[in-house]
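Here is a short tour of a model for you to follow in your viewer. Please keep the sequence and the structure open side by side as you read.

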Amino acid sequence: MTLEESRAAYWKANLRLLAILLTIWFVVSFGFGILLSQQLNAFSLGGYPLGFWFAQQGSIYTFIVLIFVYAWRMNVLDRKFDVHED
C-alpha cells in the first residue's frame, strides 16, 4: 500500500467512525429525547419519565461515553495505520 493509499484509507476509517458515533448521538438525543419521548415516558428511570431523562441527561451521558469510545477507537486506528504517538 502506498503512502497516499494509506492516508486515504486512514481518513476513510476516521470518517466512518465519526459517522457511526454521530448517528448514535443523534438517535439518542433527537430520536429518544424528542421524537419517541411520549412512548418512552411510559417507563421511568430514577423516578423520572424515560423520555424526559433522555432529553435532559441521557444525551449528555451518551456524548461523554462516545468521546471516550472515539479516543479508544482512534488509538486503535492510529496503531493500525502506524501513525500513533509513543
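## Starting from L21

Which residues does L21 touch, not counting residues up to four places away in sequence? L21 touches L66, V69 and Y70, where contact means heavy atoms within 4.5 Å.

Before going further, some ground rules: this is a predicted model, where local features need pLDDT of at least 70 and side-chain atom pairs count only at pLDDT 80 or more, while totals for chains, interfaces and linings use all residues. Residues are numbered from 1 along each chain as its sequence is written, and side-chain values use heavy atoms, with hydrogens and water left out.

L21 sits in helix α1; helices are DSSP runs of H or I with at least four residues, numbered from the N terminus. L21 is buried at a relative accessible area of 10%, since buried means under 20%, exposed over 50% and partly exposed in between, with a 1.4 Å probe and protein chains only. L21 and W53 are 32 residues apart in sequence and 20 Å apart in space, C-alpha to C-alpha.

## Helix α1 and its cover

Helix α1 takes in 33 residues, 3–35, and should span 48 Å at 1.5 Å a residue; the expected span is 1.5 Å times one less than the number of residues. The end C-alpha atoms of α1 are 45 Å apart, which agrees.

Buried in α1 are S6, N14, L17, L21, V28, G31 and G33. Their cover includes α2 (37–40) and α3 (50–80). From the α3 side, S59 is buried too, with a relative accessible area of 12%. Leaving aside neighbours within four places in sequence, S59 is in contact with W25, V28, S29 and F54.

## The nonpolar core

The largest nonpolar core has 6 residues: L17, L21, L66, M74, L77 and F81. Such a core is a set of buried Ala, Val, Leu, Ile, Met, Phe, Trp, Tyr and Cys residues joined through side-chain atoms within 4.5 Å. Helices α1 and α3 each supply at least two residues of this core, and α3 gives the most, with 3 residues.

F81, one of the core residues, touches S6, A9, Y10 and A13, not counting residues up to four places away in sequence.
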